[in-house]
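The following paragraphs lead the reader through one structure, from single residues to the surroundings of a ligand. Please keep the sequence and the model in view while reading.

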Amino acid sequence: MIPPPTADFKTVLDRIPRSRLPELLRNAPKAELHIHIEGSLEPELIFALAQRNGVPLAYPSVEALRAAYAFSDLQSFLDIYYAGASVLLQEDDFHAMAMAYFARAAADHVVHAELFFDPQTHTDRGVPMAHVINGLARACADARSQHGIDASLILCFLRHLSEDAALATLQAALPYRQHFIGVGLDSSERGHPPEKFAQVFARARALGLHRVAHAGEEGPPAYIESALDVLKVERIDHGVRCVESPALVARLAASRMPLTVCPLSNVKLCVYPTMADHQLPALLDAGLCATVNSDDPAYFGGYLNDNFIATFDALPQLGPRQAWQLMHNSFEASFASAEAKAGWMTALDRAFAEAAPALP
Ligand code: ADE
Ligand code: ZN
């Protein structure tokens with residue numbers, strides 16, 4: 001059961017022919033809530049920055065690097081992802097990376113984006129926190145002036161490192177507190193349960209920061225429960241393994257706890273064998289506040305609209321009603337103001353209403 005739009009609007013959605021879907025998926029306004037900005041670094045930009053900064057790469061060409069993007073699980077991806085990020089040194093590098101993402105997002109009609117960034121990936125190599133955050137924050141401001149995109153930053157802790165390292169990272173980021181809206185938890189999930197980060201999330205909460213965490217991507221449903229109960233998160237990133245626990249699915253649905261689902265990522269990292277096996281239809285049917293996102297688009301075969309198109313192509317159960325619901329959920333689940341959400345939701349309804357044939 002998808003939580004129903006108003007009865008009137010439901011009939012509008014149900015009149016939209018399936019033939020209008022590709023155009024709606026591409027052109028309707030949407031929010032992206034799960035994008036690691038380091039995962040938007042395309043091989044061409046990796047090579048350009050490596051040359052500019054004199055950083056040696058393990059691959060001789062863009063083509064050879066791209067050919068290495070065949071992953072068997074999350075860790076096999078993370079190894080190459082951290083190597084790619086090693087070319088980022090100057091504030092302008094972070095700015096250039098984010099501006100390249102915003103150009104793609106604007107083409108996909110993303111009107112609001114909440115970007116994850118991994119400061120430890122950079123500060124552990126000697127890059128100053130100022131270069132990371134100032135470059136990304138300047139890009140967020142430019143996203144508004146150049147593309148009309150409302151963008152904000154979420155600082156993620158690397159869960160394969162210690163909680164002390166996460167606490168030190170939060171402390172080092174506090175001079176830039178005005179530039180990020182929340183904290184997240186990413187990197188290798190298995191063996192690093194959310195409760196390992198109880199103190200740093202409590203500190204973030206006391207500071208008034210939003211909280212999200214990757215859970216239930218490769219890890220078990222119990223990790224989703226401890227992210228909720230111990231870390232007090234407001235969204236679960238991925239969360240697809242919740243389907244293994246009917247009680248957890250019921251809890252997530254009743255609380256409208258958002259899941260930021262990343263379909264192309266899940267197939268590339270072998271969470272599902274094919275897109276046709278993806279559980280997104282079941283999540284929507286259960287009434288969950290699921291959203292579609294790109295995760296690491298440069299590595300997984302596409303940006304936000306590529307994710308929508310690939311998912312709807314492979315899963316015929318998904319139609320106009322589900323497309324509207326996923327985009328509506330993306331605004332509902334965002335950390336934007338109620339006023340901004342209402343404006344985007346109105347524009348979304350208009351885009352879908354215009355695709356419904358007029359009644360005789
Ligand atoms: N860091 C970048 N992408 C990630 C993912 N899909 N899961 C966990 N950590 C990540
Ligand atoms: Zn992710």
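Thr-311 is placed in helix H16, which covers residues 304-314; helices (H or I, at least four residues) and strands (E, at least two) are DSSP runs, numbered from the N terminus. The structure is a predicted model, in which local features need pLDDT of at least 70 and side-chain atom pairs count only at pLDDT 80 or more, while totals for chains, interfaces and linings use all residues. Residues are numbered from 1 along each chain as its sequence is written, chains are lettered from A and ligands numbered from 1 in the order in which they are written, and side-chain values use heavy atoms, with hydrogens and water left out.

Thr-311 has a relative accessible area of 0% and is therefore buried (buried means under 20% relative accessible area, exposed over 50%, partly exposed in between, with a 1.4 Å probe and protein chains only). A polar atom of the Thr-311 side chain lies 2.5 Å from the backbone oxygen of Asn-307.

Ala-336 belongs to the loop between helix H17 (320-332) and helix H18 (338-353). With a relative accessible area of 17%, Ala-336 is buried. Ala-336 and Asp-313 are 23 residues apart in sequence, and their C-alpha atoms are 30 Å apart in space.

Backbone angles come next. Most residues other than glycine have a negative phi. His-109, which is not a glycine, has a positive phi of about 60°. This residue, His-109, is found in the loop between helix H6 (91-107) and strand E2 (110-117), and its relative accessible area of 34% makes it partly exposed. Lys-232 also has a positive phi, near 55°. Its place is the loop between helix H11 (221-229) and strand E6 (235-238), and Lys-232 is partly exposed at 36% relative accessibility.

A nitrogen atom of ligand 1 lies 2.7 Å from a side-chain N or O atom of Asp-295. For Asp-296, a polar side-chain atom is 2.6 Å from a nitrogen atom of the ligand.

Terms used: Polar contact = N/O pair within 3.5 Å; in protein donor to acceptor, adjacent residues only side chain to side chain.
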